[in-house]
Amino acid sequence: MAAVEIVSFGYLHAAPPEAHLTIDLRHHFRDPHVSPELRYMTADDAPVRAAVLGTSGITGLVEATASAVAAFASGPSAGAVTVADGCAGGRHRAPTFALALAERLLRDGHQVTVTHRDMARPVVQR
């Protein structure tokens with residue numbers, strides 16, 4: 001199976017990283033930032049993961065992205081497949097999605113690395 005690199009990031013911090021697939025989670029999925037009790041947490045916290053993964057459509061997007069990764073991996077060129085997924089600040093939706101995708105890809109036998117580019121940055125005030 002192919003090696004897969006997943007990079008979560010926040011659009012409000014810097015440009016998206018280079019990737020074969022870039023998933024934009026900003027507009028279609030509930031943002032935990034709007035909940036005061038979740039705002040200063042990250043994807044390391046169970047309540048954030050539960051809020052993100054409980055959002056309608058997220059698990060379907062994980063499955064669709066895993067299928068897209070498999071398509072890239074079956075192509076004629078060798079090399080890792082890079083998936084970048086971003087939300088506004090990079091602390092909630094993007095890293096939660098990245099971890100869920102990694103778990104899904106590991107079940108398929110892929111070698112997976114996950115980097116959270118912006119999760120440790122301060123909360124974006126908006």
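Visitor: Which residues does Val-83 touch, leaving out residues up to four places away in sequence?

Guide: This is a predicted model. In it, Val-83 touches Val-4, Glu-5, Ile-6, Val-7, Ala-19, Leu-21, Ile-23, Thr-65, Val-69 and Leu-101, once residues up to four places away in sequence are set aside.

Visitor: Okay, and which residues have the most contacts inside the largest nonpolar core?

Guide: Val-83 is one of them, along with Ile-6, Leu-25, Val-69, Leu-101 and Leu-105. That core has 24 residues.

Visitor: Which elements supply at least two residues of this core each?

Guide: Those are β1 (3-10), β2, α2, α3, β3 and α4. The largest share, seven residues, comes from α4.

Visitor: Let's switch to β2. Which of its residues are on the covered face, and which on the uncovered one?

Guide: Strand β2 spans residues 21-24. Leu-21 and Ile-23 make up its covered face, while Thr-22 and Asp-24 are on the uncovered one. In a regular strand, side chains alternate between the two faces of the sheet.

Visitor: How many bridges join β2 to β3?

Guide: Four, and the two strands run parallel. Strand β3 covers residues 81-87, and Asp-85 in β3 stands opposite Ile-23.

Visitor: New topic: which residues of helix α2 are buried?

Guide: In α2, residues 46-53, they are Val-48, Ala-51 and Val-52. They sit on the same side of α2, because they cover an arc of only 95 degrees around the axis.

Visitor: And what covers them?

Guide: The cover includes α1 (36-39), α3 (58-73) and α4 (93-107).

How values were computed
Residues numbered from 1 in each chain as written. Predicted model: local features only at pLDDT ≥ 70, side-chain atom pairs only at ≥ 80, totals over all residues. Heavy atoms only, no water. Buried < 20%, exposed > 50% of the residue type's maximum accessible area, 1.4 Å probe, protein only. Arc of directions from axis to C-beta. Contact = heavy atoms within 4.5 Å. Pairing = 2+ DSSP bridges. Core = buried A, V, L, I, M, F, W, Y, C linked by side-chain atoms within 4.5 Å.
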